[in-house]
Amino acid sequence: KPGQEDVGVISQEVEKIMPEVIRNFSHTYEDVESGATPGTFKSVLYDRMVPLLIEGIKEQQNQIDYLKY
């Protein structure tokens, strides 16, 4: 919402490495009539990122463990 701080990622950057967590959407006619910007936008499906990030952390930890010994 305008004026509120938030955190997130840039969908175009995420899409390069994890396109399966990005969806395209357009505002409805009613949304545009209420002031929303018309057009097609990208959105990150954060819930789909979690399992991929967990697996990435596991792989990274395996590499760290290997380098330790």
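The structure is a predicted model, in which local features need pLDDT of at least 70 and side-chain atom pairs count only at pLDDT 80 or more, whereas totals for chains, interfaces and linings use all residues. Residues are numbered from 1 along each chain as its sequence is written, and side-chain values use heavy atoms, with hydrogens and water left out.

The protein chain contains 3 helices and 2 strands, and from the N terminus on its elements follow the order α-β-α-β-α. The radius of gyration of the protein chain is 18 Å, well over the 11 Å that the globule rule gives for 69 residues, so the chain is more spread out than a compact globule. Here the radius of gyration is taken over C-alpha atoms, and the globule rule is 2.2 Å times the number of residues to the power 0.38. Helices (H or I, at least four residues) and strands (E, at least two) are DSSP runs, numbered from the N terminus. Along the principal axes, the C-alpha atoms of the protein chain fill a box of roughly 60 × 25 × 15 Å.

Of the 69 residues of the protein chain, 13% count as buried, where buried means under 20% relative accessible area, exposed over 50%, and partly exposed in between (1.4 Å probe, protein chains only). Among the contacts in the protein chain with a separation of 6 or more, 35% are accounted for by residues 24 or more positions apart, a contact being defined by heavy atoms within 4.5 Å. The protein chain carries 7 positive and 12 negative side chains, and the centres of the two sets lie 4 Å apart. In this count, Lys and Arg are positive and Asp and Glu negative, while His and the chain ends are not counted; the place of a charge is taken as NZ of Lys, CZ of Arg, CG of Asp or CD of Glu.

Residue S11 lies in helix α1 (residues 11-17) and, at 9% relative accessibility, counts as buried. When residues up to four places away in sequence are not counted, S11 touches I22, K42 and V44. Leaving aside neighbours within four places in sequence, V44 is in contact with V9, S11, V21, I22 and M49. By contrast, the C-alpha atoms of V44 and Y66, 22 residues apart along the chain, are separated by 33 Å.

Residue M18 is found in the loop between α1 and β1 and is buried, with a relative accessible area of 12%. Apart from neighbours within four places in sequence, M18 is in contact with M49 and L52, and the C-alpha atoms of M18 and S43, 25 residues apart along the chain, are separated by 12 Å. Residue D47, in helix α3 (residues 46-68), counts as exposed at 60% relative accessibility; D47 and V21 are 26 residues apart in sequence and 8.4 Å apart in space, C-alpha to C-alpha.

Rings of Phe, Tyr and Trp (its six-membered ring) were paired if their centres lie within 6.5 Å, with planes under 30 degrees apart counted as stacked, over 60 as edge-to-face and the rest as tilted. By this rule the count comes to 1 aromatic pair, formed by F25 and F41, which is tilted, with 5.7 Å centre to centre and 35 degrees between the planes. Because F25 lies in strand β1 (residues 22-26) and F41 in strand β2 (residues 40-44), the pair ties together parts that are 16 residues apart in sequence. F25 is partly exposed, with a relative accessible area of 24%, and F41 is partly exposed at 26%.
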